Amino acid sequence: MTHSPSEQPPGGRLPTRRRVHEGLRASIVPVAACALALAGLTAWTSSGAAGSPPQIAAGNGRVLLPQGSSRDTAAFFDITNIGGADDQLTEVTSPGVEETLLSRRESSGLGADLLRPAGPVRVTAGGTVAMSPSGLSVTTRTKPARWQAGDMVPFVLHFRYSAPVEVVAVVVRPGS
């Protein structure tokens with residue numbers, strides 16, 4: 001069977017039955033992979049895990065009573081993410097203090113600990129970050145007004161994806 005030049009496909013060759021079969025066979029793997037991925041994503045979405053935003057709760061706020069004439073101290077909070085996606089604590093602010101800095105205490109190996117800026121702190125989905133004097137904390141410098149044990153100091157925790165969370169810290173004596 002011959003074709004006129006206007007009937008010839010591009011390249012001048014008609015596909016043979018073998019080429020059509022090879023083309024269909026080669027397309028089965030990508031089509032099957034797409035179908036499997038779509039089924040997995042459908043199951044993940046149906047289970048409620050997909051698209052669940054972070055949900056942050058904070059509590060157990062405490063701030064150490066500054067010692068002597070120093071106005072430098074530290075605040076600690078427990079932060080829980082009950083949502084389905086990770087978030088990051090990016091900053092802590094307070095109208096009751098002059099400065100705040102997320103910091104982490106690390107051993108120098110020479111018998112003294114170092115206090116280093118912590119940067120954004122990851123709060124995993126379903127996880128809790130428990131700040132403590134030996135790890136992550138909020139280093140603060142108080143305003144000139146003196147605190148007493150039992151005073152309440154407001155803080156605002158700022159996150160990358162979640163709305164800011166207001167939490168109150170109780171002023172406690174170191175070691176209590």
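**Figure 1. A salt-bridge network of Asp72, Glu99 and Arg141.** In this predicted model, salt bridges link Asp72, Glu99 and Arg141 in a network; a salt bridge is a side-chain nitrogen of Lys or Arg within 4 Å of a carboxyl oxygen of Asp or Glu. Asp72 has a relative accessible area of 38% and is partly exposed, and Arg141 counts as partly exposed at 29%. Buried denotes under 20% relative accessible area, exposed over 50%, and partly exposed the range in between (1.4 Å probe, protein chains only). Residues are numbered from 1 along each chain as its sequence is written. Local features need pLDDT of at least 70 and side-chain atom pairs pLDDT 80 or more, totals for chains, interfaces and linings use all residues, and side-chain values use heavy atoms, with hydrogens and water left out.

**Figure 2. Further salt bridges of the model.** The whole structure holds five salt bridges. One of them joins Asp86 to Arg122, whose closest N and O atoms are 2.6 Å apart. Asp86 belongs to the loop between S2 and S3 and Arg122 to strand S6, so that the pair links distant parts of the chain, 36 residues apart. Asp86 is partly exposed at 31% relative accessibility, whereas Arg122 is exposed at 53%. Arg116 and Glu106 also meet through their side chains in a salt bridge (3.0 Å, N to O). Arg116 lies in strand S5 (residues 113-117) and Glu106 in strand S4, ten residues apart. Relative accessibility is 40% for Arg116, which counts as partly exposed, and 33% for Glu106, likewise partly exposed.

Figure 3. Strand S8 (residues 136-142) is mostly covered, with five of its seven residues buried. S2 and S8 run antiparallel and are joined by four bridges; two strands pair if DSSP finds at least two bridges between them. Strand S4 (residues 97-107) also pairs with S8 in the antiparallel sense, over seven bridges. Thr139 of S8 stands opposite Ala74 and opposite Leu101.

**Figure 4. Strand S3 and its partners S6 and S9.** Strand S3 (residues 87-93) pairs with strand S6 (residues 121-123) in the antiparallel sense over three bridges. Four bridges connect S3 to strand S9 (residues 152-159), again in the antiparallel sense. Leu89 has Val121 as its bridge partner in S6 and stands opposite Phe159 in S9.

**Figure 5. The aromatic pair of Phe77 and Phe155.** One aromatic pair is counted, the rule being that rings of Phe, Tyr and Trp (its six-membered ring) pair if their centres lie within 6.5 Å, with planes under 30 degrees apart stacked, over 60 edge-to-face and the rest tilted. Phe77 and Phe155 form this edge-to-face pair, at 5.2 Å centre to centre and 70° between the planes. Because Phe77 lies in strand S2 (residues 72-81) and Phe155 in strand S9, the pair ties together parts that are 78 residues apart in sequence. Phe77 and Phe155 are both buried.

**Figure 6. The chain as a whole.** Of the 176 residues in the chain, 25% are buried.

Methods:
Helices (H or I, at least four residues) and strands (E, at least two) are DSSP runs, numbered from the N terminus.
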